[in-house]
Amino acid sequence: MKNKEYGSDFEYIQTEIFYLKDKTESLFYGNQFSLFFSGRVALYNILKQGIEQKKWQQVYLPSFYCHEVTHYLKDLPVIISYYEFNPFLDDPTNLLEIDDVDSNVIINVDFYGIKKLDLKEFHHAILIEDITHNLLSFKDSAAHYCFGSLRKELPVPVGGFCFSPKGLMLPKGKPSLESEEIAAQKLSAMFLKSLYLKGEWDDKELFRKLYSDGEDKFEKQFTNTVMPEIAQSVLFSIESVALLQKKSINIHAALKNIKQSKELEINIQSPKFNVFGIILKCKDLETRNKLRAHLVQNRIYPAVLWPNQISTRDIEIENKILFLHVDYRYSLSDIEHITNIINEFI
């Protein structure tokens, strides 16, 4: 590629080995999943159905979370509360002070595919797992429902899903022209980025604007729809399992190559390979900002997961972490290059 860079949004996938011959072979094809515009829309509809049919009254979310999701739920007739949990600070075996009754709903987040709460002491409360960072874990979940955003791990313009490990009825979405338009906009950005990386398109700012304008609309209630048809077509054409397995190989290589440092914690000190990516926790905000600048200077674009935290302890962690994609887009030589840049900083 002429314009080599690492991280940021997915481009349109053009590698034949990652495409399926038949959409029915897709991991997400079939009635066991209900597909929505985004992960937050999937959660919204699970909760809406439960409130209307099962009289759910209170939803508990972890304090350290993507609060854009919480904001999207604000008009539901339910009490939204936080329980204190931060994967960088807390033990997943800690007991939650939440009443174990069937009117309570607990959102258990699989943080980066590395750490999630052990909630086996709850027998009556409704358990919903956010598996955005670990899509394949729906196969082993014991929750009532799972949901997630698809576009965080897979090259789709928009998309979210829900699934019930217990075989419970799933909500369904309705189509809309507005959501189709947003999906088309995001897909256009993905395609233009693929051309840019090959040196066949010069206007980087155009596809970046298409990405960001599309993302800004995710918070709007008019996105409360089924997954747009154009996005479903992309999802059903890609070999999701192969893409995620390639990422696991890259993570294994990255964790092996990065030097140990007292000032930089990697992936919450976990040896797991089937995880979201590389999470770098620095000793303080100044170090984090210097590392970020060093990476960007070398065309490696990290993300903050998640900005705009609420509690003091969660803000402190937000100010220390960076996330790096090491997914299917990159060869082992690319991974060596990325980790060498990190090691230079160390």
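Is Ile-278 buried or exposed? In this predicted model, Ile-278 is buried, because its relative accessible area is 1% and burial requires under 20%. The residue belongs to strand β10, which covers residues 278-282.

Ile-278 and Leu-117 are 161 residues apart along the chain, and their C-alpha atoms are separated by 21 Å.

The chain as a whole was examined next. The protein chain holds 9 helices and 12 strands. Of its 346 residues, 56% count as buried. The C-alpha trace spans about 55 × 45 × 30 Å along its principal axes. A compact globule of 346 residues would have a radius of gyration near 20 Å, so the 20 Å of the protein chain agrees with that expectation. Contacts between residues at least 6 apart in sequence were also considered. Among them, 68% join residues at least 24 apart.

The crossing of α3 past α4 is left-handed. On the α3 side, the contact is formed by Ile-182, Gln-185, Lys-186, Ser-188, Ala-189, Met-190, Leu-192, Lys-193 and Tyr-196. These meet Lys-204, Leu-206, Phe-207, Lys-209, Leu-210, Tyr-211, Asp-213, Gly-214 and Glu-215 of α4. By class, the contact of α3 with α4 has 9 nonpolar, 3 polar and 6 charged residues.

The second pair is α7, residues 285-297, and α9, residues 332-345. The axes of α7 and α9 come within 10 Å and cross at roughly 135°. This angle makes α7 oblique to α9. Helix α7 passes α9 in a right-handed crossing. Helix α7 contributes Thr-287, Lys-290, Leu-291, His-294 and Leu-295 to the contact. Helix α9 contributes Ile-341, Ile-342, Glu-344 and Phe-345. Sorted by class, the contact of α7 with α9 has 5 nonpolar, 2 polar and 2 charged residues.

Note on methods. Residues are numbered from 1 along each chain as its sequence is written. This is a predicted model: local features need pLDDT of at least 70, side-chain atom pairs count only at pLDDT 80 or more; totals for chains, interfaces and linings use all residues. Side-chain values use heavy atoms; hydrogens and water are left out. A crossing is left-handed if the near helix is turned anticlockwise from the far one by less than a right angle, and right-handed if clockwise. Helices (H or I, at least four residues) and strands (E, at least two) are DSSP runs, numbered from the N terminus. Contact means heavy atoms within 4.5 Å. Ala, Val, Leu, Ile, Met, Phe, Trp, Tyr, Cys and Pro count as nonpolar, Asp, Glu, Lys and Arg as charged, and the others, Gly among them, as polar. The radius of gyration is taken over C-alpha atoms; the globule rule is 2.2 Å times the number of residues to the power 0.38. Buried means under 20% relative accessible area, exposed over 50%, partly exposed in between (1.4 Å probe, protein chains only). Axes are lines fitted to C-alpha atoms, for helices over the stretch in contact, and angles run from 0 to 180 degrees between N-to-C directions. Angles under 35 degrees count as roughly parallel, over 145 as roughly antiparallel, 65 to 115 as roughly perpendicular and the rest as oblique.
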